[in-house]
Amino acid sequence: MGPLAAAFVSFTALTSAASIPRLHAKRQDSQLRDEYDFVVVGGGTSGLTVADRLTEAFPEKNVLVIEYGDVQYAPGTFDPPTDWITPHPDAAATWSFNSLPNPDMANTTAFVKAGQVVGGSSAVNGMFFDRGSRFDYDAWAEVGGPEFEQSSDKWDWAGIFPFFKKSVTFTEPPADVAEKYNYTWDVSAYGDDSTPIYSSWSAFQWADQPVLYKAWQEIGINPATECAGGDKEGICWVPASQHPITARRSHAGLGHYEDVLPRANYDLLVQHQVVRVVYPNGPSDGPPLVEARSLADDHLFNVTVNAEVIVSAGALHTPTVLQRSGIGPASFLDSAGIPVTLDLPGVGSNFQDHSGPSITWNYSQPYTDFFPLPSDMVNNATFKADAVAGFDEEPARGPYMLAGGNSAIFVSLPHVTADHGEITAMIRAMATDGTASSYLPVDLRTVPAMVAGYEAQLLTLADLLDNPEAPSLETPWATSGPSQAAAPSFLLHPLSRGTVRLDAADPLGPPVLDYRAGSNPVDVEIHLAHVRFLRGLLETPTMKARGATETAPGEEVAGSDEALEGYVRSRSTLSFMHPCCTAAMLPEERGGVVGPDLKVHGAEGLRVVDMSIIPLLPGAHLSATAYAVGEKAADIIIQEWKAKGQ
Ligand SMILES: Cc1cc2nc3c(=O)[nH]c(=O)nc-3n(C[C@H](O)[C@H](O)[C@H](O)COP(=O)(O)OP(=O)(O)OC[C@H]3O[C@@H](n4cnc5c(N)ncnc54)[C@H](O)[C@@H]3O)c2cc1C
Ligand SMILES: *[C@@H]1O[C@H](CO)[C@@H](O)[C@H](O)[C@H]1NC(C)=O
Ligand SMILES: *[C@@H]1O[C@H](CO)[C@@H](O)[C@H](O)[C@H]1NC(C)=O
Ligand SMILES: *[C@@H]1O[C@H](CO)[C@@H](O)[C@H](O)[C@H]1NC(C)=O
Ligand SMILES: *[C@@H]1O[C@H](CO)[C@@H](O)[C@H](O)[C@H]1NC(C)=O
Ligand SMILES: *[C@@H]1O[C@H](CO)[C@@H](O)[C@H](O)[C@H]1NC(C)=O
């Protein structure tokens, strides 16, 4: 069955899905079995990938997924009835958090969300479906050091690329669409198309999308043919996580749950919070019990596990599940009054996210020669009505196919600034002269393992930032007008490290997020280089011809580096919603929480599989990586249990 035929079959499943999974999902513990072989904590992007693969590989083993949210229809980021970018009224449930004030960023706070629904963040995200560059993943292996080199589980590019391929079904655009927009791709970046998680391209662009495409080339950025195959420097076309025919959102709740039912060994309990894992006889006697709480009536119960517990609650919640279990920094657990099961200072540490300021501008030459533009969704009722009708056709057509946009520049630091050598020299100096620890959270500065791990990360990041083929800056765009336009800068490889910790006064409530953005001052230097580079866009012939005038940072920073720094500190977006790295895959002596097999150091029968385990942010939005990590983790777990002869 080719991808298109497979797509139609899946659409049939999708249209009838609303009734089926609600019957299958369990809502109270009285519906559960007496015990389970595997329990997955959190039915999100990585967690459901693992649950799907385990139930497929071991029909005789029972798997239970416990999810806080519920089964919901998850519309795309840009589906009727919305106009351009405004949130969908029926968007699936999310967690929403404000961080602590960030002292190095003018006391601003990060606003960050995560999916609270079956499918997790893949069911609420912006559907931008890219992978990092090969160097980003090679860096994961490098920071693992010699100890990880001995492992048979390799987390470098060569070790994860097969799982990126396995994790999606990519559909090539029709020839006329490809020609119209100059889409380029290379199918060797994709695999056998057997997994119903879809990656495809819109048959629609706003009329002014090519303006920036041309202007970026005028500042020296070249179009890249394919950005998902490991090489990612230049102007990239990025697929969306959506169905190629219907243009509906594709997410883990469909592709790794609803679309693979019925499966007698696959149980999903919704509307329940995992409180903690419990080791009645200590962490070397596992697997642990899983203690869960009903959201309906608050009662607690334990689930008995035979084989393993896999924590997949996402980078913001996995640390709190572990901390409530007594697995975390001993000093913090003591202060929160939680008995220590395992002193692992890396739990909730090493917190990273993409952040950065934007430049904005207006045009004195209005886009009267362009149709359609996002403004037509508001001003032209005929256009809007046709857009809504087109979304329900098969194949779908029109603006609602576009999600949030599918083009971005990815630029390395050597291509951003001639000062890159000075910047990376500063990073190497910190890593070797004993000052690195002063940039860590106060209570971790005296923990040798955390310092050693941070120094190793800084050295690896300096190499990454010196590499002319490894992007440091991302700027996505979809349209640029007609009156006010913005180009955000994403700092792809932050050096600053924050924390995620439970609130001792409300341990089951929202985690306390301390972003600590800009706490390593080199991050601010790199932000400044990015902004200066982006400002060059407005000096290109294409932008000059449109009369582009910078409105921010603009006049307020004229001629003053100090003022530009003030702009960066006070006006940056502190989260582009890619939190990660809070239970990092690093050796214990480097502050790690899990090994290359994703087992928690020192704990029997407990793994973590989600965006907490990555040691460093890749230069990519995280969902494709979350699926690939889920696929590789499942492969590791399946091989291990098969080798045990079970
Ligand atoms: C608004 C937004 C926009 C984004 N945009 C993009 C984008 O355009 N492209 C992209 O690639 N990435 C994007 N991302 C990021 C990406 O979607 C996530 O990084 C990725 O999906 C995370 O996967 P995960 O498996 O680590 O966690 P999740 O998919 O978030 O799964 C964690 C699950 O655990 C559940 N859970 C948490 N605590 C508990 C508990 N105690 N008990 C039971 N269940 C629990 C949660 O409800 C959730 O379902 C975006 C994210 C958000 C929130
Ligand atoms: C941030 O807040 C702290 C504590 O209230 C204050 O001391 C500091 O001056 C503030 N910094 C800025 C830049 O406003
Ligand atoms: C496609 O590429 C051609 C040749 O480089 C160029 O002339 C044309 O403007 C491009 N079209 C778009 C939509 O970018
Ligand atoms: C779960 O088991 C642990 C260890 O036996 C016990 O201390 C705890 O009270 C149990 N929780 C519930 C809700 O029964
Ligand atoms: C663009 O912004 C500049 C600076 O704020 C302002 O002076 C100018 O009037 C604006 N032009 C248009 C066409 O809106
Ligand atoms: C409004 O949209 C319709 C349908 O796309 C189009 O034919 C028409 O030209 C548009 N009107 C204006 C004023 O742009």
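Select ligand 4 to begin: R276, V278, P280, L289, E291, L300, F301 and N302 surround it. This is a predicted model, so treat each stop as a computed picture.

**Stop 1: ligand 4**

Show side chains around the ligand. E291 places a polar side-chain atom 2.8 Å from a nitrogen atom of ligand 4. On N302, an N or O atom of the side chain is 2.3 Å from an oxygen atom of ligand 4. How much of ligand 4 does the protein bury? Taken alone, ligand 4 exposes 360 Å², and the protein buries 53% of that.

Now colour by secondary structure. Strand 9, strand 10 (289-294) and strand 11 (300-311) each give two or more residues to the shell. Strand 11 has the largest share, with three residues. By class, the shell of ligand 4 holds five nonpolar residues, one polar and two charged.

**Stop 2: ligand 1**

Move to ligand 1. Its shell has 38 residues, and the closest are T45, E67, S121, F128 and S623.

- The side chain of N125 has an N or O atom 3.1 Å from an oxygen atom of ligand 1.
- A polar backbone atom of F128 is 2.7 Å from a nitrogen atom of ligand 1.
- A polar backbone atom of M611 is 3.0 Å from an oxygen atom of ligand 1.

On its own, ligand 1 has 1000 Å² of accessible area, and the protein covers 95% of it.

Colour the shell of ligand 1 by class and you get 15 nonpolar residues, 19 polar and four charged.

**Stop 3: helix 19 and helix 5**

From helix 5, select G159, I160, F163, F164, K166 and S167; from helix 19, select A624, T625, Y627, A628, V629, E631, K632 and D635. Those residues form the contact. They divide into seven nonpolar, three polar and four charged.

**Stop 4: helix 5 and helix 4**

Hold helix 5 (residues 157-167) and bring in helix 4 (residues 134-149). The two pack at about 120°, with axes 8 Å apart. Helix 4 is therefore oblique to helix 5. Helix 4 contributes R134, Y137, D138 and W140 to the contact, while helix 5 contributes W157, I160 and F164. The class count is five nonpolar, no polar and two charged. I160 and F164 of helix 5 belong to this contact and also to the contact with helix 19.

**Stop 5: helix 16 and helix 18**

Clear the selection. Pick helix 16 and helix 18 (residues 561-571). How do their axes run? They come within 10 Å and cross at roughly 105°. The two helices are therefore roughly perpendicular to each other. On helix 16, show V524, H527, L528, V531, R532 and R535; they meet D561, L564, E565, V568 and R569 of helix 18. This contact has five nonpolar residues, one polar and five charged.

Check its backbone: R516 is not a glycine, yet its phi is positive, at about 55°. Most residues other than glycine have a negative phi, and most peptide bonds are trans.

**Stop 6**

Select L261 and P262. The peptide bond between them is cis, with omega near -5°. P262 sits in the loop between helix 8 (252-255) and strand 8 (266-269).

Go on to F371 and P372. A cis peptide bond joins this pair too, with omega about 0°. P372 is in the loop between strand 14 (358-363) and helix 11 (375-379).

Stay on F371 and show ligand 6. Which residues surround ligand 6? They are F371, N380 and F383. An N or O atom in the side chain of N380 is 2.5 Å from an oxygen atom of ligand 6. Of the 360 Å² of accessible area that ligand 6 has on its own, the protein covers 42%.

Note on methods
Residues numbered from 1 in each chain as written. Chains lettered and ligands numbered in written order. Predicted model: local features only at pLDDT ≥ 70, side-chain atom pairs only at ≥ 80, totals over all residues. Heavy atoms only, no water. Near = heavy atom within 4 Å. Polar contact = N/O pair within 3.5 Å; in protein donor to acceptor, adjacent residues only side chain to side chain. Areas by Shrake-Rupley, 256 points an atom, 1.4 Å probe, with all protein chains shown as cover. Nonpolar A, V, L, I, M, F, W, Y, C, P; charged D, E, K, R; others polar. Axes fitted to C-alpha atoms, helices over the stretch in contact; angles between N-to-C directions. Helix = DSSP H or I, 4+ residues; strand = E, 2+ residues; numbered from the N terminus. Parallel < 35°, antiparallel > 145°, perpendicular 65-115°, else oblique. Contact = heavy atoms within 4.5 Å.
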